[in-house]
Amino acid sequence: MSVRSFIRALAIAAFMAFSGGGRASATMPAPKPDELAQPKSVDQPGFPEQLYKWVIPAHNPQSAAKVALGKELFFDPRLSVDNTVACANCHDPDKGFTDQLPTSMGVHGKFGQRNAPTVLDALFNIEQFWDGRAATLEDQAEQPILNPIEMGMPDEKTVVAKLDSIPEYKASFRSVFGSDPAYASVVAAIAAYERTQIAFDSPFDRYMAGDSNALTAQQKRGWAIFNGQGRCMSCHGWNPTRPLFTDDRFHNIGVSAHSANFVPHAREALALLAHGGGGAREIDRLAISTDMSELGRFLVTKQPHDIGAFRTMDLRNLYLTEPYFHDGSQATIWDTLDHYNKGGVQNPYLDGGIVPLGLSGQQEDDLAAFLLSLTSQRYMAQAEKEYQRQFRISRTTRPQRDTAAAMGLKGRNGPGFSGPFGDIGPGQAAMNENPASLGGN
Ligand code: HEC
Ligand code: HEC
């Protein structure tokens with residue numbers, strides 16, 4: 001076990017003790033499909049109808065029977081090697097289709113390197129996974145079933161043979177696809193079910209539709225900061241056509257810079273991918289179960305500028321999907337805001353859009369309240385409880401807060417900084433001046 005994996009194991013143990021202990025264990029049964037697992041109506045304020053028409057693939061049209069079969073499969077632990085882990089173990093509808101763990105636990109109680117994102121609204125993702133290594137929901141579903149530490153099936157043939165031996169499945173596949181179970185139809189049915197998990201209908205959506213009372217005064221202040229001083233909108237873009245709070249791009253915002261040894265890991269990954277042919281399963285293995293996970297988008301493109309870059313995530317329903325970032329390293333929304341406020345964590349591949357923000361504590365509170373307004377009505381009661389819980393933690397525990405860095409008084413922009421990047425930029429005070437007065441003296 002490397003030092004990093006050891007620290008991760010400790011962090012997960014601490015997290016589980018902290019969050020009530022034993023919420024997940026190797027013997028935890030797969031969740032059952034309840035009310036929150038049902039296909040959702042598309043009749044929701046804020047739902048992007050035109051975009052929806054574009055994203056349903058012509059080769060896999062929706063049908064009620066296919067969705068029902070996909071739902072069966074999504075909740076069925078028999079898709080895993082020892083009948084313990086279903087998709088729903090890590091994407092539990094009662095937890096906003098996540099597991100609410102820093103990183104996910106698969107077969108034999110093994111933990112991976114990445115945080116499970118939600119399936120809600122995932123049909124609109126331009127690519128799937130934190131590094132975009134799968135183009136579609138169909139391609140995505142192929143991976144976890146065969147990943148050795150997620151569902152652990154040895155190969156496609158074994159999965160198909162297992163389903164073929166279950167008479168109910170044999171009959172359903174025949175009636176939906178007109179043929180016996182095949183791996184391509186397994187993932188097609190699962191994807192069709194996922195495409196019914198739509199979660200708009202938030203206070204923000206109603207506000208944008210013209211109900212000016214849908215947001216509180218504090219949330220309106222937060223929305224202004226989101227667009228202005230917070231610079232959130234520059235990556236987490238919203239517009240009526242793509243109301244998804246993402247630019248569909250990949251950025252290094254300094255999350256993995258805490259621990260990553262980027263250059264040696266990049267060399268190791270290139271050598272392994274060249275050797276193993278660099279296919280989808282090999283990249284999946286590196287991402288889920290090795291320290292090379294932190295290379296992010298680089299594993300897919302092999303471009304140096306993608307080192308440590310991850311997909312800009314949708315910001316809807318965040319108070320169901322804690323903890324945050326690709327490695328689940330931040331416990332609360334306030335911690336993510338403190339991360340941005342101090343200008344992220346310095347590293348040679350840091351995105352140019354990550355700079356100290358100079359936000360006050362009140363402004364961070366306003367942003368956190370605004371983010372609650374992106375919660376779908378169906379989940380609001382649950383999200384409000386989590387918002388209150390995180391608010392209470394934020395009054396006493398702020399491990400990422402660095403007010404001096406946020407105000408431009410230290411770090412790359414301030415005096416007395418002796419790190420590897422030098423004091424090369426204007427400080428926060430200077431940035432607030434007329435830009436024309438800064439250069440040339
Ligand atoms: C052991 C836990 C685990 C299991 C089981 C699992 N997932 Fe995931 N899922 C994850 C993790 C972790 C990620 C993120 C991995 C990454 O990005 O590298 C993920 C990513 C995804 C995504 C991409 C979402 C996004 O925003 O990019 C979808 C969709 C998804 N899983 C669906 C499924 C389906 C369908 C199944 C069953 C066939 C499944 N998952 C099984 C943990 C799991
Ligand atoms: C330069 C682009 C960029 C900017 C600016 C930016 N983000 Fe992000 N955001 C990202 C990326 C990329 C990720 C995923 C990073 C990772 O996990 O490594 C992310 C992740 C997040 C997450 C975690 C989501 C999850 O599901 O875990 C939150 C919350 C968030 N951003 C909020 C904000 C807020 C609030 C602001 C403004 C203060 C902001 N972001 C500004 C690119 C950006």
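Modeller: Residues are sorted into classes: Ala, Val, Leu, Ile, Met, Phe, Trp, Tyr, Cys and Pro count as nonpolar, Asp, Glu, Lys and Arg as charged, and the others, Gly among them, as polar. By these classes, the shell around ligand 2 holds 15 nonpolar, nine polar and two charged residues. This is a predicted model, in which local features need pLDDT of at least 70 and side-chain atom pairs count only at pLDDT 80 or more, while totals for chains, interfaces and linings use all residues. Residues are numbered from 1 along each chain as its sequence is written, and chains are lettered from A and ligands numbered from 1 in the order in which they are written.

Biologist: Which residues come nearest to ligand 2?

Modeller: A residue is near a molecule if its C-beta atom, placed from the backbone, lies within 6 Å of it. Around ligand 2 there are 26 residues, of which Cys232, Cys235, Phe325, His326 and Gly353 come nearest.

Biologist: Which helix gives the largest share of that shell around ligand 2?

Modeller: Helices (H or I, at least four residues) are DSSP runs, numbered from the N terminus, as are strands (E, at least two). Helix H14, residues 333-341, gives the largest share, four residues. The protein has 18 helices and two strands.
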